[in-house]
Amino acid sequence: MTRHVVVIGGGPAGSAAAEAALNRGARVTLIDSNESLGGQYNRRIPAAFGVRRPLCVGHGYPAAERRAGWLVRHPRCEYLPWAAVYQLERRLDGGGPLVRLLQGIEGERRTHHEIHGDALILATGAYDRVCPFPGWELPGVYTAGAAQTLAKTQRLLVGRSILISGTGPFLLPVAQSLADAGARIRAVLEANPAARILRHWTTRPWELRHSADKAAELAGYLTCGVRHRIRLRTSHAVIAVRGDGHVEEATVARLDHDWTPIPGTQVTVPVDAVAVSHGFTPQTELVLAAGAELTVEGFVRVDRAQRTSAEFVWAAGEITGIGGAQSAAVTGTVAGIAAAGGDPFEDRALRARHHTARRFVARLAAAHPIRPGVLSWSTPDTIVCRCEGTTRAELSAAWSRTAGDAHRPTKLATRAGLGPCQGRVCAANIEALRVRLHPESADPAPTSMPPGLTAATPARRPFAAPIRLHELAALGGAGAADPGTETGRRPPSGHPGPAPAAARDREGNS
C-alpha cells in the first residue's frame, strides 16, 4: 500500500522532504503557511502584484522554482498553501498522526481539513531572536528577518539609512537584500569577535569539504559588501536606540568576548532603522503537540535518520539546529526518504552531505553564540515583554517576592508572555534575566550555552496556532469528518492576501 507522508512546512527542508518522499513512491500532503513554497530563503513578491522583475532581490530562485513547480504539479502531491495547523493528535487505530488545519486568509472564512497520514515530517523553521536593549520597542527597530521579508515580498525598505546588528551569517544576506533594494547600510555589526569566528570555521576544514557552495555564497555576500561600501565590524553591536516616536539614532559599542560593552567605546550613529538578529528560536509548537522531545538548547531531538522520539514523526531543518537553507534541504531529504520507508544512507553522497550538514550546524552554534554580557544592555525601565509593555524593573520586583522560582505568579502579576506572541519573543529573554538575578533557581541541566540564554521551551497547548472562537464553534462535527473533508471555501488560486502580509509573518516586528 502507498505510504502517505504529511509534510508541514514549505521551506527548503519541507520541500526537499516532500520531493524525496515522492521519489520513493509515497503519497504526500505538503502543508505551508505561505502563499508559495520556498520559506524565508526564497520569499518573493506575489505574482498577482504584476512586478516586472519579481526575483531581483535575493538569489537561489531558479532551483527553488523548479522544485516548487514539480511538487505542485505532481499527481501524488496535494499542496495546501495558506494553511495554519492548529492541532496534532494520534489516530485511535494506532496509526500515524491526525493533522487538523484551517486553510485560507486569516480574517476571512477558512476551510477546515483533517488529514490522516502514515508519517509526519515537521519542518516549521525558526524565527529571529532579539535580546532587549533600551529603545528596541521604537518604530524603526525590526528583526532582520522582517526587514528582509519586506524587501523581498513588498519592495518596502524599513529605512533609508540602516544599521544591521546581531550575530551569525544571516546578517550578510539581509544586508545584501536591503542594499540591492536601495537602502544605505551604515554597517553590519557582528557581536562575536573575529578570532572566535575564524577559530571555529577554520579548524579541521576537511569536515566541511561538501560545503563549497557555502564558501561561494559567502564570497558573493562579501563582494556585495565591497560594491555597496558596507563596513563589517566584529565585536560591535547596537546597544541602545533613541528617537521621538521613531528611531533617529543608535548607540554602537565595542564588546568584550562576553558581549559586555567596553566603557568609553560608545558612539552615536544617526539612522532611521535598525535590523537586529541575535540568532534564532526554533518554532516548536507542533513538535510539542506531537509529543517529541527537545534538547537542552531547545531544538528537536532527532536520530541519524531525522526521526524524533514521537512515533511516526520526523523533523528537519532549522527546528533541529540552525544551519541555513542548504543544510535544511539535506536534512529534509534524509527525513523524506526515511518517512517513506527507505534507507537514506544507501546513497553514499547523501550520507556525506548529511554528515557535513550536521557538522556545519555545530560549528555555526559554536562560532556565533549569544554571550551573557547581552543581559547588561537593558536598564530597569527597558521593556522586556513588548506585547504587554512589561519592564525589567517590574519583572525584578515580581521575582524578588517569589525568590525567582515561581513562573506562574510572575506571569500573572506582570502579564509578561501573555500577549499576542504568547512568549515567542520574550520568553527566552525573561528566563535569561531570571537566572541572572536568581542563579539559585536555574535549571541544573548541563548545556553548551550560558545558563538562561538557551531557547525557552514554550508551553504545550491544546491549539498549536491561534484559532478564532467563531472558527472553533463553526467546526461543529468536523472532528469526525472523513480524511480530506473540508467545510467553507478555499481561497482562489494565486490569491495574494492582504498587502502587508510580511508584517504578519513569524519573522515580523512583534
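1. C77 is buried, its relative accessible area being 9%. The model under review is a predicted one, and a search of the whole structure returns 0 disulfides. A disulfide is a covalent bond between the sulfur atoms of two cysteines.

2. Backbone at W82. W82 is not a glycine, yet its phi is positive, at about 50 degrees. The residue is placed in the loop between β3 (77-80) and β4 (83-90). Is W82 buried or exposed? Its relative accessibility is 13%, so W82 counts as buried.

3. Backbone at R204. A positive phi also occurs at R204, a residue other than glycine, with a value near 45 degrees. R204 belongs to the loop between α5 (194-202) and α6 (212-227). With 37% relative accessibility, R204 counts as partly exposed.

4. Salt bridges, total. How many salt bridges does a search of the whole structure find? The count is 12. Individual cases are taken up in the points that follow.

5. E19 and R67. These two residues form a salt bridge in which the closest N and O atoms are 2.9 Å apart. The pair links distant parts of the chain, with E19 in helix α1 (residues 12-23) and R67 in helix α2 (residues 61-73), 48 residues apart. E19 counts as partly exposed at 22% relative accessibility, and R67 likewise counts as partly exposed, at 25%.

6. D180 and R227. The side chains of D180 and R227 meet in a salt bridge, with an N to O distance of 3.6 Å. Because D180 lies in helix α4 (residues 171-180) and R227 in helix α6, the pair ties together parts that are 47 residues apart in sequence. The relative accessibility of D180 is 35%, so D180 counts as partly exposed, whereas R227 is exposed, with a relative accessible area of 52%.

7. R242 and E249. A salt bridge joins R242 to E249, and the closest N and O atoms are 3.0 Å apart. R242 counts as partly exposed at 36% relative accessibility. E249 is partly exposed as well, with a relative accessible area of 27%.

8. A salt-bridge network. Which residues are linked in a network of salt bridges? They are E89, R100 and E114. In a discussion of electrostatics, this group may be listed as a network of salt bridges.

9. Rolling a probe the size of a water molecule over the atoms shows where empty space is left. The structure holds 3 cavities of 30 Å³ or more. The second largest cavity has a volume of about 40 Å³.

10. Lining of the second largest cavity. Which residues line the second largest cavity? The lining consists of C131, P132, V374, L375, S378, N429 and L433. By class, 5 of the lining residues are nonpolar and 2 are polar, and no charged residues take part.

Notes: Residues are numbered from 1 along each chain as its sequence is written. This is a predicted model: local features need pLDDT of at least 70, side-chain atom pairs count only at pLDDT 80 or more; totals for chains, interfaces and linings use all residues. Side-chain values use heavy atoms; hydrogens and water are left out. Helices (H or I, at least four residues) and strands (E, at least two) are DSSP runs, numbered from the N terminus. Buried means under 20% relative accessible area, exposed over 50%, partly exposed in between (1.4 Å probe, protein chains only). A salt bridge is a side-chain nitrogen of Lys or Arg within 4 Å of a carboxyl oxygen of Asp or Glu. On a 1 Å grid over the protein atoms alone, a cavity is a set of points where a 1.4 Å probe fits but cannot get out, and a pocket is an open set with protein on both sides within 12 Å along at least five of seven lines; lining residues have an atom within 4 Å of a point. Grid points are joined across faces, edges and corners, and a volume is the space filled by probe spheres set on the points. Ala, Val, Leu, Ile, Met, Phe, Trp, Tyr, Cys and Pro count as nonpolar, Asp, Glu, Lys and Arg as charged, and the others, Gly among them, as polar. A disulfide is a pair of cysteine sulfur atoms within 2.5 Å.
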